[in-house]
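Subject: Structure for your review

Dear colleague,

Please find below the structure that I am handing over to you. My notes on what was found in it follow directly after.

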Amino acid sequence: MTWKASLAANYTDGLVVLHRGRLVYEFYAGELREDRSHAAMSVTKSLTGTLAAMLAAEGVIDPASPVTRYVPELAGSAFADVRVRDVMDMTTCLRYSEDYADPEAEIWEYAKASNPLPQPGAEVVGTTAYLRTLQPEPGCRVGEAFAYKTPNADVLGWIVARASGKSVATLLSERIWRRMGMEQAGYFQVDATGMPVAGGGFSAGLRDMARFGQLLLDGGSWQGEQLIPRAVVEDIRKGGSRAAFARSGHPGLVGWSYRDMWWVTHNAHGAFAARGVHGQTVYIDPKAEMVIVRFASHPQAANAANDATSLPAYQALADHLLSRDGK
């Protein structure tokens with residue numbers, strides 16, 4: 001498959017490539033343009049995870065503490081006996097299905113709760129009220145297995161807000177977005193109570209998301225200013241438990257792990273990524289000094305639908321850039 005064919009196969013709306021901090025490739029299709037924004041979907045989780053890791057590095061959040069230290073309202077839920085670290089790495093035990101193909105899956109109840117525009121006359125639930133209803137999966141032991149479930153990110157966003165006194169939207173703006181001088185405003189979907197959807201509600205421009213990826217590639221430094229502690233980036237790149245990830249049922253991602261809500265490949269290039277349904281990606285390859293950001297509209301929600309024609313393309317491009325550099 002050619003590079004161009006892979007873009008079509010994955011319903012790519014736009015894609016940019018940075019190499020050594022320089023824009024070397026830019027592609028737009030459909031309605032996306034350089035001055036328009038796109039839903040980042042679960043790439044949002046990696047933003048939330050980064051903010052939480054920053055607060056942890058600064059001593060504002062203790063990852064070893066129970067979730068209820070920061071959000072006592074979750075005492076009667078599946079998060080009652082869970083550490084913050086388990087939330088950050090999604091090794092919690094939630095009785096919750098994220099199967100978008102199943103109309104009875106809990107993801108749809110979560111979607112109703114986080115909807116900014118509930119049906120006229122319908123009860124306003126809100127994200128926090130819904131999170132309090134989640135119960136543990138019988139027989140599951142916290143910390144043993146990675147299980148990708150979006151409510152973890154919203155709980156983490158709640159923890160970030162309680163610990164810092166600021167919402168994830170405000171914190172991201174003050175600590176990263178404004179300080180990087182982004183071209184466009186990023187914005188969050190909020191629920192009917194005004195709470196930002198920390199698990200998948202962020203939208204931004206393609207170039208600005210590439211700048212964020214470059215910030216991670218450069219160890220958290222931007223134009224001489226350390227916006228993210230270097231230790232945070234190093235922790236993300238180190239990855240989480242590969243044994244816990246192996247128990248998660250991701251046959252196409254053998255050897256990967258999950259840390260601070262980032263996906264870590266553990267490949268020879270040390271690549272790591274933020275990923276969202278329908279094909280959203282921030283892919284960072286340290287060895288190739290490359291950042292790829294893609295926005296897409298794949299009709300299938302699962303990333304497994306496009307990984308087979310995306311991940312090899314990213315690796316091929318990284319190899320091309322290295323060979324061009326004589327490495």
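How many bridges join β3 to strand β5, and do the two run parallel or antiparallel? There are four bridges between β3 and β5 (residues 202–205), and these strands run antiparallel. Please keep in mind that this is a predicted model.

**The sheet and the helix across it**

β3 and β5 belong to an open sheet of three strands, ordered β3-β5-β4 and paired in antiparallel fashion. The edges are formed by β3 (37–41) and β4 (187–188), each of which pairs on one side only. Helix α2 (residues 43–57) lies across β3, β4 and β5, and runs at about 75° to β3.

**The packing of α2 against α6**

Helix α2 also meets helix α6 (residues 151–164): their axes come within 10 Å and cross at roughly 35°. This crossing is left-handed. On the α2 side, the contact is made by K45, T48, G49, A52 and L55, while α6 contributes A153, L156, G157, V160 and S164. Sorted by class, the contact comprises five nonpolar, four polar and one charged residues.

**The largest pocket**

The largest pocket holds about 700 Å³ of space. It is lined by 26 residues, of which Y148, H250, A302, N303 and A304 are the closest to its centre. Two elements, β10 (272–276) and α11 (304–324), each supply at least two residues of this lining. By class, the lining of the largest pocket has twelve nonpolar, nine polar and five charged residues.

**The second largest pocket**

For the second largest pocket, the volume is about 380 Å³. Its lining consists of 24 residues, and those closest to the centre are M41, Y100, Y110, Q189 and G200.

Which element gives the most to the lining of the second largest pocket? That element is α4, with four residues. The strands β3 and β5, like α4 (107–113), each supply at least two residues of this lining. By class, the lining of the second largest pocket has twelve nonpolar, ten polar and two charged residues.

I would be grateful if you would look over these points alongside the structure.

With kind regards

Technical notes. Residues numbered from 1 in each chain as written. Predicted model: local features only at pLDDT ≥ 70, side-chain atom pairs only at ≥ 80, totals over all residues. Heavy atoms only, no water. Pairing = 2+ DSSP bridges. Contact = heavy atoms within 4.5 Å. Axes fitted to C-alpha atoms, helices over the stretch in contact; angles between N-to-C directions. 1 Å grid on protein atoms, 1.4 Å probe; cavity = no way out; pocket = protein on both sides within 12 Å on 5 of 7 lines; lining within 4 Å. Points joined across faces, edges and corners; volume = space filled by probe spheres on them. Nonpolar A, V, L, I, M, F, W, Y, C, P; charged D, E, K, R; others polar. Left-handed = near helix turned anticlockwise from the far one by under 90°.
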